[in-house]
Amino acid sequence: MTARRREMMRELGLAPRWRLRAKSKGVAPLPPIPAGSTSTTEPALALDERTTQIIRMDWPQLKESVAGCVACPLHRGRNKTVFGVGDESASWLFVGEGPGAEEDLKGEPFVGQAGKLLDNMLAAIKLKRGKDVYIANIVKCRPPGNRTPESLEAAQCEPYLHRQIELIKPKLIVALGKVAAVNLLRREASIASLRGKVHEYRGTPLIVTYHPAYLLRNLPGKAEAWVDLCFAVDTMRGLKSVPAAAI
Ligand code: SF4
């Protein structure tokens, strides 16, 4: 382990427990998804006119559309929309809940303390923001007082995220926190019941872990998050060993 990684482990409050295994024997690369259990094949969205337009957009059109979006009440309180950031051909997509105060001012997801922790989590599994990694949120405008996005707000914003996912074509989605997970999977469930399994978002494998903001308040959760990150790495290894056409 390099000095830099040791430093990151200390930052995460996990040294010396957090070790990226060379290859886990305990977790199958990509477990088959039993019918009707962990797999979530959500019902198709009704394609209204707005959704139909969004699903045809390229990156510049999508960014322009989000920047001027007034499709839900969250636009009223925002300073900047937070579109998402990173490698637009990334293998890894991390999805959080919504912008906080700092993100709203800067227009970038996961800045501040939670963002620093996310960067350290990425670094612990040898990933880096912007390099084969894309980061986005369920909603692109800040909910007042950092409250949870309401279902209507999430639903109105979902076509943008869906189009981003179509354009990025990630190999694996990591849902950060319950709000991201239940919105992507379209079903209510506890985060405990969702962790440690490979789910699916419209054909793309998805796993669930805690939101970094939660981990800042709940130190014991960091060890569980590390288990999730190792599971994500193992899952990605399995995906990369499968020919692209078969994924
Ligand atoms: Fe539009 Fe999404 Fe912002 Fe709502 S949260 S105004 S749907 S960009």
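**Exercise 1. In which strand is the place of Leu93? Decide also whether Leu93 is buried or exposed, and list its contacts.**

Before the solution, two notes on the source. The model is predicted, so local features need pLDDT of at least 70 and side-chain atom pairs count only at pLDDT 80 or more, while totals for chains, interfaces and linings use all residues. Residues are numbered from 1 along each chain as its sequence is written, and side-chain values use heavy atoms, with hydrogens and water left out.

Step 1. Leu93 is in strand β2. Strands (E, at least two residues) and helices (H or I, at least four) are DSSP runs, numbered from the N terminus.

Step 2. The relative accessibility of Leu93 is 1%, so Leu93 counts as buried.

Step 3. A contact means heavy atoms within 4.5 Å. Leaving aside neighbours within four places in sequence, Leu93 is in contact with Tyr134, Ile135, Ala136, Ile165, Ile168, Pro170, Leu172, Ile173 and Val174.

Step 4. One of these partners, Pro170, is 77 residues away from Leu93 in sequence, with 6.1 Å between the C-alpha atoms.

**Exercise 2. Describe the whole protein by its secondary structure, its burial and its contacts.**

Step 1. The secondary structure comes to ten helices and six strands.

Step 2. The protein has 247 residues, and 49% of them count as buried.

Step 3. Take the contacts between residues at least 6 apart in sequence: 75% of these join residues at least 24 apart.

**Exercise 3. Find which residues of helix α7 are buried and which elements they pack against.**

Step 1. Helix α7 covers residues 178-185, and six of its eight residues are buried.

Step 2. The buried residues are Val179, Ala180, Ala181, Val182, Leu184 and Leu185.

Step 3. They pack against β2 (92-96), α6 (151-168), β4 (172-176), α8 (191-194), β5 and β6.

Step 4. Take Val179 as an example from α7. Its relative accessible area is 14%, so Val179 is buried. Not counting residues up to four places away in sequence, Val179 touches Glu97, Ile138, Thr148 and Pro149. The C-alpha atoms of Val179 and Glu150 are separated by 10.0 Å, and these two residues are 29 apart along the chain.

**Exercise 4. Locate Val139 and decide whether Val139 is buried or exposed.**

Step 1. Val139 lies in the loop between β3 and α6.

Step 2. With a relative accessibility of 1%, Val139 counts as buried.

Step 3. Not counting residues up to four places away in sequence, Val139 touches Leu74, Glu97, Gly98, Pro99, Pro149, Glu153, Ala154 and Cys157.

Step 4. Val139 and Pro149 are ten residues apart in sequence, and their C-alpha atoms are 7.2 Å apart in space.

**Exercise 5. Examine the phi angles of Lys126, Arg202 and Arg186.**

Step 1. Start from the general rule: most residues other than glycine have a negative phi.

Step 2. Lys126 has a positive phi, near 65 degrees. Lys126 lies in the loop between α5 (112-124) and β3 (133-137). Its relative accessible area is 63%, so Lys126 is exposed.

Step 3. Arg202 is not a glycine, yet its phi is positive at about 45 degrees. Arg202 is found in the loop between β5 (199-201) and β6 (204-209). At 33% relative accessibility, Arg202 counts as partly exposed.

Step 4. Arg186 follows α7 and has a positive phi near 60 degrees.

**Exercise 6. Name the residues around the ligand and sort them by type.**

Step 1. The residues around the ligand are Cys69, Ala71, Cys72, Leu74, His75, Arg78, Lys140, Cys141, Gln156, Cys157 and Tyr160.

Step 2. This shell divides into seven nonpolar, two polar and two charged residues. Ala, Val, Leu, Ile, Met, Phe, Trp, Tyr, Cys and Pro count as nonpolar, Asp, Glu, Lys and Arg as charged, and the others, Gly among them, as polar.

Key:
Buried < 20%, exposed > 50% of the residue type's maximum accessible area, 1.4 Å probe, protein only. Near = heavy atom within 4 Å.
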